[in-house]
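Here's a quick walk through a protein fold, strand by strand. Have a look at the model first, then read on.

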Amino acid sequence: MQDITLHITDREGVEHNIQAPTDMNMNLMEVIRSYELAPEGTIGICGGMAMCASCQCYIESDHDLPEQNYDEEAMLAEAFHVKENSRLGCQLFISDALHELKLTLAPEE
Ligand code: FES
């Protein structure tokens, strides 16, 4: 499979069904930026280093995701609006395992 489908609800509550490539080594934050689902400057501020939480999202489907690494865990321990299902989009790489993933962007901090 080359493209997977993602269901992303933006910060205005609008749901977008988008296609993301699995063969470009992109993470979820980069996909969200490339579709301009959040205004420039409000997402991906640290460039994907797990240091800003601007890419935080709430995972709403029952996918088996990779465990959080130390940096993601540490960032989410400090961020605002964190819920049980929070993840950093920049730490989730697009792969077949994410097909049909459903998520909502967390509010801006
Ligand atoms: S882009 Fe900064 S934590 Fe993900």
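Let's start with a side-chain detail: the charged end of K83 sits over the ring of Y58, 4.2 Å from the ring's centre. Keep in mind that this is a predicted model. As for aromatic pairs, searching the whole structure turns up zero.

Now the sheet. It's an open one, built from five strands with mixed pairing, and the order is β2-β1-β5-β3-β4. On average, neighbouring strands here are turned by 40 degrees against each other, ignoring direction.

Two of the pairings look like this:

| Strands | Sense | Bridges |
|---|---|---|
| β1 (residues 3–9) and β2 (residues 15–21) | antiparallel | seven |
| β1 and β5 (residues 101–105) | parallel | four |

Looking towards β2, its bridge partner is E15; looking towards β5, T9 stands opposite T104.

Between β1 and β2 comes a hairpin with five residues between the strands. Which residue there takes a positive phi? That's G13, with a value near 90 degrees.

Technical notes
Residues are numbered from 1 along each chain as its sequence is written. This is a predicted model: local features need pLDDT of at least 70, side-chain atom pairs count only at pLDDT 80 or more; totals for chains, interfaces and linings use all residues. Side-chain values use heavy atoms; hydrogens and water are left out. Rings of Phe, Tyr and Trp (its six-membered ring) pair if their centres lie within 6.5 Å; planes under 30 degrees apart count as stacked, over 60 as edge-to-face and the rest as tilted. A charge sits over a ring if NZ of Lys or CZ of Arg is within 6 Å of the ring centre and within 35 degrees of the ring normal. Two strands pair if DSSP finds at least two bridges between them. Helices (H or I, at least four residues) and strands (E, at least two) are DSSP runs, numbered from the N terminus. Axes are lines fitted to C-alpha atoms, for helices over the stretch in contact, and angles run from 0 to 180 degrees between N-to-C directions.
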